[in-house]
Amino acid sequence: MAVAIGLGLGALIGVLLGLLGGGGSILAVPALVYGMGLGIEQAIPISLIVVATASAVGALPKIRAGQVQWRLAGIFAAAGIPATVAGSAISRHLPQPALMIGFAAVMVFAGIRMLTDQENTGTACEVEAGRVNWRRCAPRSIGAGLLVGLLTGLFGVGGGFLIIPALVVVLGVEMSVAVGTSLLIITANSVAGIFSHLGAITVDWTVIAVFVAAAMAASLVAGHLGTKVDTTRLQRWFAYLVFAVAAYVIVDTVFLQ
């Protein structure tokens with residue numbers, strides 16, 4: 001029964017990933033907790049496996065197209081990986097209600113980001129013809145990398161809803177390059193989070209394999225068909241769904257436990 005549920009939920013998350021990109025994975029943890037009855041300490045590493053795999057697959061075409069700012073990705077990852085490990089350690093010492101409330105807050109913020117226009121670029125890094133003012137850019141990148149890594153370790157989210165605005169609005173990176181760079185950063189942080197969490201818990205690898213395989217297969221199919229879908233409208237409705245799930249998490253945690 002758990003395998004069948006994992007197959008269905010994994011496929012659902014995969015469809016969202018394929019249509020919307022990394023943001024779709026923010027529902028992975030609630031799906032695992034409420035749909036499969038896992039504790040959040042088990043749901044987080046499984047979510048990170050989905051996030052890491054999806055991000056790595058999505059990054060490949062961006063790398064081939066040269067739409068990656070490698071040095072920025074390196075700075076974010078160098079700051080984010082230790083923060084991810086620290087976030088993983090912190091999460092193991094927090095009670096599940098505290099983690100669920102924190103996760104609901106992250107979901108609300110992610111939903112707000114989905115409804116916000118992120119196309120306007122800033123000039124903090126003065127990116128021109130591939131040249132970057134690293135003296136101005138590096139401190140901002142390190143700060144953002146630390147925050148994203150901490151959230152990845154704590155809640156099992158990739159953090160693309162934070163990375164892309166940081167790259168585009170704060171650092172002035174073009175959107176196409178920001179997406180590819182973000183996927184690399186998410187992959188690195190998620191892999192660090194997976195190893196940090198898996199050492200302290202016991203998980204059902206059969207369920208993980210089914211969930212991840214279903215998510216990736218559905219993601220590839222949905223990604224191929226997604227070119228015919230109005231993703232702007234879909235993202236707006238998905239944001240409303242995220243708000244609804246966040247509200248349910250809060251009500252369940254605060255009033256129904």
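I began with Gly-145, which sits in helix α6 (residues 134-155). Helices here are DSSP runs of H or I with at least four residues, strands are runs of E with at least two, and both are numbered from the N terminus. The model is a predicted one, in which local features need pLDDT of at least 70, side-chain atom pairs count only at pLDDT 80 or more, and totals for chains, interfaces and linings use all residues. Residues are numbered from 1 along each chain as its sequence is written, and side-chain values use heavy atoms, with hydrogens and water left out.

**Gly-145, continued**

I looked up the accessibility of Gly-145: at 1% relative accessibility, Gly-145 counts as buried. The cut-offs are under 20% relative accessible area for buried and over 50% for exposed, with partly exposed in between (1.4 Å probe, protein chains only). I then listed what Gly-145 touches, leaving out residues up to four places away in sequence, and found Phe-76, Ala-79 and Gly-80. Contact means heavy atoms within 4.5 Å. I also noted the C-alpha to C-alpha distance from Gly-145 to Ile-163, which is 8.0 Å for a separation of 18 residues in sequence.

**Thr-84**

I moved to Thr-84 in helix α4 (residues 70-91). Thr-84 has a relative accessible area of 0% and is therefore buried. With residues up to four places away in sequence not counted, Thr-84 touches Gly-149, Leu-150, Thr-152, Gly-153, Asn-189, Ala-192 and Gly-193.

**Whole chain**

I counted ten helices and zero strands in the protein. Of its 257 residues, 51% count as buried. I took contacts between residues at least 6 apart in sequence, and 83% of them join residues at least 24 apart. The protein exposes about 11,700 Å², of which carbon and sulfur atoms supply 66%. These areas come from the Shrake-Rupley method with a 1.4 Å probe; for residues, only the protein chains shown count as cover.

**Annotated spans**

I checked the UniProt record, an unreviewed entry, whose annotation "transmembrane region" covers residues 44-60, 72-91, 97-115, 144-171, 177-198, 205-225 and 237-256. Its positions are given in the numbering used here, feature names are shortened, and annotations may be inferred rather than shown by experiment. Residues 44-60 are 100% helix and 0% strand, with the end C-alpha atoms 25 Å apart. Residues 97-115 are 95% helix and 0% strand, and their end C-alpha atoms lie 27 Å apart.

I compared helix α5 (residues 96-114) with its expected span: the 19 residues reach 27 Å from first C-alpha to last, close to the 27 Å expected at 1.5 Å a residue. The expected span is 1.5 Å times one less than the number of residues. Among the buried residues of α5 I noted Leu-99, Met-100, Phe-103, Met-107 and Arg-113.

**Helix α2**

I found helix α2 (residues 28-35) mostly covered, with six of its eight residues buried. They are Ala-28, Val-29, Pro-30, Ala-31, Leu-32 and Val-33. Just after α2, Gly-37 has a positive phi of about 70 degrees.

**Nonpolar core**

I looked for nonpolar cores, meaning sets of buried Ala, Val, Leu, Ile, Met, Phe, Trp, Tyr and Cys residues joined through side-chain atoms within 4.5 Å. The largest has 71 residues, and Ile-26, Leu-27 and Phe-76 have the most contacts inside it. Helix α3 (residues 40-64) gives the most to this core, with eleven residues. Beyond its neighbours within four places in sequence, Leu-27 is in contact with Ile-13, Leu-16, Met-107, Phe-238, Leu-241, Val-242 and Val-245.

**Aromatic pairs**

I found three aromatic pairs in the structure. Rings of Phe, Tyr and Trp (its six-membered ring) pair if their centres lie within 6.5 Å; planes under 30 degrees apart count as stacked, over 60 as edge-to-face and the rest as tilted. The ring centres of Tyr-34 and Tyr-248 are 5.2 Å apart and the planes stand at 75 degrees, so this pair is edge-to-face. The pair links distant parts of the chain, with Tyr-34 in helix α2 and Tyr-248 in helix α10 (residues 231-255), 214 residues apart. Tyr-34 is partly exposed at a relative accessible area of 30%, and Tyr-248 is partly exposed at 44%.

Trp-237 and Tyr-240 form an edge-to-face pair too, at 5.5 Å centre to centre and 85 degrees between the planes. I noted that both lie in helix α10, three residues apart, about one turn of the helix. Trp-237 counts as exposed at 55% relative accessibility, whereas Tyr-240 is partly exposed with a relative accessible area of 39%.
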